[in-house]
Amino acid sequence: MAVPKRRVSKARRDKRRSNVWRMTAPELQKCPHCGEYKRAHRVCAACGYYNGRRVVVKDEA
């Protein structure tokens with residue numbers, strides 16, 4: 001059965017766990033076509049445009 005050779009110190013253990021609960025909100029940018037906020041390098045959910053081209057056809061409701 002595998003047994004740890006040496007006990008992991010509290011400092012080393014806590015360093016490993018330090019970033020577990022940190023969450024950051026995604027960076028948002030305004031869509032140049034419709035002005036809605038969207039994530040970078042993704043198709044706009046509101047208008048369907050990406051990089052100046054219509055990629056997804058959205059219904060005009």
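Trainee: Is Arg42 buried, exposed or partly exposed?
Mentor: This is a predicted model, and the answer rests on a computed area. Arg42 has a relative accessible area of 41%. Buried would need under 20% and exposed over 50%, so with 41% Arg42 is partly exposed.

Trainee: Where does Arg42 lie?
Mentor: Strand S2 covers residues 37–39 and strand S3 covers 49–50. Arg42 has its place in the loop between S2 and S3.

Trainee: How many Å separate the C-alpha atoms of Arg42 and Lys10?
Mentor: Along the sequence, Arg42 and Lys10 are 32 residues apart. In space, C-alpha to C-alpha, the separation of Arg42 and Lys10 is 42 Å.

Trainee: Which elements make up the protein chain, and in what order do they run?
Mentor: The secondary structure amounts to 1 helix and 4 strands. Read from the N terminus on, the order is α-β-β-β-β.

Trainee: What radius of gyration does the protein chain have?
Mentor: Along its principal axes, the C-alpha trace spans about 65 × 25 × 20 Å. A compact globule of 61 residues would have a radius of gyration near 10 Å. For the protein chain the value is 23 Å.

Trainee: What share of the 61 residues is buried?
Mentor: Of the contacts with a separation of 6 or more, 0% join residues 24 or more positions apart. The protein chain exposes about 6400 Å², of which carbon and sulfur atoms supply 51%. Buried residues make up 8%.

Trainee: How many disulfides does the structure hold?
Mentor: A disulfide is a covalent bond between the sulfur atoms of two cysteines, and the cut-off for the pair is 2.5 Å. The closest cysteine sulfur to that of Cys31 belongs to Cys47, at 3.7 Å, which is too far for a bond. For Cys44 the closest is in Cys34 at 3.6 Å, again too far. The number of disulfides is 0.

Trainee: Are Cys31 and Cys44 buried or exposed?
Mentor: The limit for buried is under 20% relative accessible area. Cys31 stands at 5%, and Cys44 has 2%. Both values fall under the limit, so Cys31 and Cys44 are buried.

Trainee: What is the phi of Asn51?
Mentor: Asn51 sits in the loop between S3 and strand S4, which covers 53–54. Asn51 is exposed, because its relative accessible area is 70%. Asn51 is a residue other than glycine with a positive phi, near 55°.

Trainee: Is Ala11 buried or exposed?
Mentor: Ala11 lies in helix H1. From Glu27, Ala11 is 16 residues away in sequence and 32 Å away in space, C-alpha to C-alpha. The relative accessible area of Ala11 is 51%, and with the limit at over 50%, Ala11 is exposed.

Trainee: How far apart do the centres of the positive and negative side chains lie?
Mentor: The protein chain carries 17 positive and 5 negative side chains. The centres of these two sets are apart by 21 Å.

Definitions and conventions:
Residues are numbered from 1 along each chain as its sequence is written. This is a predicted model: local features need pLDDT of at least 70, side-chain atom pairs count only at pLDDT 80 or more; totals for chains, interfaces and linings use all residues. Side-chain values use heavy atoms; hydrogens and water are left out. Buried means under 20% relative accessible area, exposed over 50%, partly exposed in between (1.4 Å probe, protein chains only). Helices (H or I, at least four residues) and strands (E, at least two) are DSSP runs, numbered from the N terminus. The radius of gyration is taken over C-alpha atoms; the globule rule is 2.2 Å times the number of residues to the power 0.38. Contact means heavy atoms within 4.5 Å. Accessible areas come from the Shrake-Rupley method with a 1.4 Å probe; for residues, only the protein chains shown count as cover. Lys and Arg count as positive and Asp and Glu as negative; His and the chain ends are not counted. The place of a charge is taken as NZ of Lys, CZ of Arg, CG of Asp or CD of Glu.
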